[in-house]
Amino acid sequence: MTWLAVPTYRGVLPMTFAFRAQIAENWPMSLDLKEIIAGRLGENYQLHERHLNRTLVAAQRVIGFDKVYARAEGAYLYDMDNQPYLDFLSGYSVFNIGRNHPLVKQAIRDVLDLDLPNMVQMDCSLLSGLLAEALTKRTPPHLDAVFFCSSGTEAMEGALKFARAATGRKRAISLASAFHGLSLGSLSLMGCESFTEGFGPLMEGFDARVPLDDTEELDRQLRSRDVAAFVIETVQGKGCQTSKTDFFVRAQELCRKYGTLLISDEVQTGLGRTGKMFGFQHWNLEPDIITLAKTLSGGYVPCGAIVTRRDIYQKTFSRMDRCVVHSTTFGRNNLAMACGLAALEVIDQENLVDNTAKMGALLMEKIDVLRAKHSFIKEVRGKGLMIGIEFHEPRELKLKMAWKLLHKIDKVLFTQMIVTQMLSKHRILTQVAGHAMDVMKILPPLIIGEREIDMFVNALDDVLTECRKFHGPMWELGNNFVKAALGSRRTAEPRPVSA
Ligand SMILES: Cc1ncc(COP(=O)(O)O)c(C=O)c1O
């Protein structure tokens, strides 16, 4: 082998490639990731404590979430002893098609095998064109122009810029309890103070929060005709609230009347999660802009997108000297684009939108049946497989006392107790739906069947039955949370809550 060139089936490789090929073939120096993982799995939390977010580690330890997962497939995670855990969180809705899907894996292998030119930047890559085509086949016809990025918050930032450029207005408003991401623009739309504390000042003109279903307040905000965009989640990530009225339809009418663009943030609700391809379709809305991310590329590679009307898009890229006025280096990278094509294919071929509608209805029905038995359950809500279970003070006197004690310390502690027990006793991963609320949130992958539904419902039934035994192990756990919460207030250590 020469150091200058290596003959291959395509001709002669240049020197740098030859050098790499020689390393791969001959050099003892290599990175054996399989061996590293086999040797060091289990050090996860120590490593994070030392080098990453040690506050998160402390919180995970308090709530018993400090598991070491060794592998994952479909709807299940497996620990180092190969014990399965039912994943009803899906990486916050990233793994809608299940974890490690073979079609997405194959797409990644194909991209690597093809040695494609990636992110040349001053070209137009095929794969991004194909993914934009595939996406716009699934959106309503008016949403036909796509911008790719790498995350949900980045999609929101871009959408806000597009709205400002298209309207010439600077304000943007959102719903109470909104969550649209944590970079400064999207954070400025936040409806939950614990995320904004300490990060101000936020974007000027982004400070109005309209209560869900309050059409009058929305009218009052839009009337001044200085609002570029009204941003909605049709099912809210924090608390799983959704409108039971025609509010979204009225909101769209008001937006049109006052020249405000309607942005539907589909980062979590999009691509099947709610039992329709997009959340806005439950109300037959025609939003001006939608944002996507999370499950868009099937879980391996970050990918986000803004899909909007061509006329809105062109207001940003309005002249040749402004052709890259909004851009991001990794936005159209081949791996993300190929994974996106594969993920959309899986959603269609496995009928995941229909499955979500059916399984979501069944799951909500079965949880609702538990309401008669467990007075802790107030309401089951959501759409498709984006479900919130709200708890409230129980009827039984002795349980009322325990409930009140926990709530005096922190409103999430009761729900955290349920979520922790679901994981430690039944190996089912769920989450608390937000700060200061009694809501448990479940986001199963869209591939689940009746088996997983029964596993979840039986486990919840068992955990709530245990809650009825005052002084039993559940309330001991609650007591531990109270101690941890009080201790953390003294030392400013993390509290036992989840985001
Ligand atoms: C509705 C919604 N929008 C935006 C975001 C931000 O997405 P990312 O975490 O990819 O920045 C999220 C994340 O949870 C979300 O749920």
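This report walks through a predicted model of one chain, from overall shape to single residues.

## Basis of the model

Residue numbers start at 1 in each chain and follow the sequence as written. The model is predicted, so local features need pLDDT of at least 70 and side-chain atom pairs count only at pLDDT 80 or more, while totals for chains, interfaces and linings use all residues.

## Overall shape

The chain has 19 helices and 17 strands. These are DSSP runs, numbered from the N terminus: helices are H or I with at least four residues, strands are E with at least two. The radius of gyration is 24 Å, close to the 23 Å from the globule rule for 499 residues, so the chain is as compact as a globular protein of that length. That radius is taken over C-alpha atoms, and the rule is 2.2 Å times the number of residues to the power 0.38. The C-alpha trace spans about 80 × 65 × 45 Å along its principal axes.

Buried residues make up 45% of the 499. A residue is buried if 20 or more other C-beta atoms lie within 10 Å of its own, exposed if 12 or fewer, and partly exposed in between; C-beta atoms are placed from the backbone. Of the contacts between residues at least 6 apart in sequence, 71% join residues at least 24 apart. Contact means C-beta atoms, placed from the backbone, within 7 Å.

## Around the ligand

The ligand is surrounded by 14 residues, and the closest are Ser151, Gly152, Thr153, Gly181 and Val267. A residue counts here if its C-beta atom, placed from the backbone, lies within 6 Å. Helix H8 (residues 152-167) gives the largest share of this shell, 3 residues.

By class, the shell holds 5 nonpolar, 7 polar and 2 charged residues. Ala, Val, Leu, Ile, Met, Phe, Trp, Tyr, Cys and Pro count as nonpolar, Asp, Glu, Lys and Arg as charged, and the others, Gly among them, as polar.

The buried residues of helix H12 are Phe247, Phe248, Ala251, Gln252 and Cys255. Seen down the axis of H12, they fall within an arc of 135°, so they line one face of the helix. The arc is that of the directions from the helix axis to the C-beta atoms. Their cover includes helix H11 (215-222), strand S9 (227-232) and strand S10 (261-265). Just after H12, glycine 259 takes a positive phi of about 75°.

Helix H17 is mostly covered, with 11 of its 12 residues buried. Among them are Leu413, Phe414 and Met417.

## Helix H18 and valine 457

Valine 457 sits in helix H18 (residues 450-467). It counts as partly exposed, with 17 C-beta neighbours inside 10 Å. Leaving out residues up to four places away in sequence, valine 457 touches Lys366, Ile367 and Leu370. Valine 457 and lysine 366 are 91 residues apart in sequence, yet 6.9 Å apart C-alpha to C-alpha.

## Backbone exceptions

Most residues other than glycine have a negative phi, and most peptide bonds are trans. The bond from glycine 200 to proline 201 is cis, with omega near -5°. Proline 201 lies in the loop between helix H10 (193-196) and strand S8 (209-210).

Asparagine 82 has a positive phi, near 65°. Its loop runs between strand S4 (76-79) and strand S5 (84-87). Asparagine 82 is exposed, with 8 C-beta neighbours inside 10 Å. Alanine 436 has a positive phi near 55°. Alanine 436 is in the loop between strand S16 (431-432) and strand S17 (439-442).

Conventions: Contact = placed C-beta atoms within 7 Å.
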